[in-house]
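Subject: Structure handover

Hello,

Here is the structure I promised you. Please open it first, then read my notes below.

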Amino acid sequence: MVNFDKDKITISLNNVVTKEFNIPHVMIWYDLFSKHYQGQPIIFLGHDGENLYRSGFFEILSQLQHAVNIPDSAITFESVSSLSSKYNHIPVQINNPAVFFNSAGQYLKSLPEFNVNQAKFVGALAASRFSIMRWLSLYSLDQAFPNDTYLTFKNTADDIKNQLHGLHDNYSKELDWISNKKFDSSEMIVDNVSQAYNGLSACSQYNKICNRYNIELIFETDEFANNCFTEKTAKCLAAGRPFVLMAGQHSLQNLQAQGYKTFGNIIDENYDQATTPTLRLKGIIKSLTELYNNPDRNSQIQEIFNIAKLNQEIYFQNVQSKIQLSPHTQGHNRR
């Protein structure tokens, strides 16, 4: 949503900053503000956890302010949390990650019986928003554990080529793979298009597939943030499922600080120290491979399920008195 009106300018940040931390249309913003800014209040709507620091948004905004003479006082952010002390801030609850995190469990209080010996070794659910890192993670899992993965994905090789911006030769093996890979079906995507990527709709479908694999590679919304846990992580906690986590450096450490148990006595969790998503993925694959090749793997997996069951108890204790889902949180959001 972008509205340049005479009395105010309102811009949704998901029209400005992509989930790949890009600002693809900088010249368009210079053009629009040069034409339409006449001293009106400017409201940026940041309802979906956009990473404005990683994308360099504030540097570009500062340059734009200087070019068009926009004072700090004219700018307001409606967002989950305060993004910069320079600007006015109106807190909002819509799409607040905490709302989704605390509400996910209501869909997962009862799950079907599970037999670890009948499940794939590892699963990863990437059938919602595309990201390069999610695609590369699926490729790495499939190469490391052929025929022992449950993987969902919705994009074609052509979709990915459009995202690579001419760097196809750097990813030739991965592109060949995606052209021929048949992914698992995913009940995580609901039929109603307007809710296809709603995180809580995905939670309501999670019990249909979480028994198809033993360990989940969680793709958190922001691969650089370590303190923003959404329903993606909450699903595993509430369902009592083991996981490894693709999020920012020290994310596991921050989960532990909230009282949750991770699996460092069975799975090497040094990947949590890695400084980039690529290095983190390399560490995750190494850790999972060590477990996979362990001659005592079945009992080790049973042990991490015992830990995951403790997380299930902790999750419901933690959220019992916290914010519950309201009708206002059920709108479309980019996952």
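First, a term you will need: a helix axis is a line fitted to the C-alpha atoms, over the stretch in contact. Two packed helices are described by the angle between their axes and the distance between the axes. Please keep in mind that this is a predicted model.

**Helices α1 and α2**

Start with helix α1, residues 26-36, and helix α2, residues 57-68. Their axes come within 11 Å and cross at roughly 30°. That makes α1 roughly parallel to α2, because angles under 35 degrees count as roughly parallel. The crossing of α1 past α2 is right-handed.

Which residues meet here? From α1 come Val26, Trp29, Tyr30, Phe33 and Ser34. From α2 come Ile60, Gln63, Leu64, Ala67 and Val68. By class, this contact of α1 with α2 has 8 nonpolar residues, 2 polar and no charged.

Now look for empty space. Rolling a probe the size of a water molecule over the atoms shows where empty space is left. Searching the whole structure gives 3 cavities of 30 Å³ or more. I looked at the second largest cavity, with a volume of about 100 Å³.

What lines the second largest cavity? The residues are Val16, Ile23, Trp29, Phe33, Phe44, Phe57, Ile60, Leu61 and Leu64. Both α1 and α2 supply at least two residues of this lining. The largest share, 4 residues, comes from α2. The lining has 9 nonpolar residues, no polar and no charged.

Some names come back. Trp29 and Phe33 of α1 touch α2, and Trp29 and Phe33 also line the second largest cavity. Ile60 and Leu64 of α2 take part in the helix contact and in the cavity lining.

**Helix α4 and its two partners**

Move on to helix α4, residues 132-144. One partner is helix α10, residues 277-292. The two pack at an angle of about 25°, with their axes 11 Å apart. They are therefore roughly parallel to each other. Their crossing is right-handed. On the α4 side, the contact is made by Met133, Leu136, Ser137, Ser140, Leu141 and Ala144. On the α10 side, it is made by Pro277, Thr278, Leu281, Ile285, Leu288 and Thr289. That contact has 8 nonpolar, 4 polar and no charged residues.

Another partner of α4 is helix α6, residues 172-180. Here the angle is about 80°, and the axes are 11 Å apart. That makes α4 roughly perpendicular to α6. Trp135, Leu136, Leu138, Tyr139, Asp142 and Gln143 of α4 meet Lys173, Glu174, Leu175, Trp177 and Ile178 of α6. The contact of α4 with α6 has 7 nonpolar, 1 polar and 3 charged residues. Leu136 of α4 is in contact with α10 and also with α6.

Best wishes

Terms used
Residues numbered from 1 in each chain as written. Predicted model: local features only at pLDDT ≥ 70, side-chain atom pairs only at ≥ 80, totals over all residues. Heavy atoms only, no water. Axes fitted to C-alpha atoms, helices over the stretch in contact; angles between N-to-C directions. Parallel < 35°, antiparallel > 145°, perpendicular 65-115°, else oblique. Left-handed = near helix turned anticlockwise from the far one by under 90°. Contact = heavy atoms within 4.5 Å. Nonpolar A, V, L, I, M, F, W, Y, C, P; charged D, E, K, R; others polar. 1 Å grid on protein atoms, 1.4 Å probe; cavity = no way out; pocket = protein on both sides within 12 Å on 5 of 7 lines; lining within 4 Å. Points joined across faces, edges and corners; volume = space filled by probe spheres on them.
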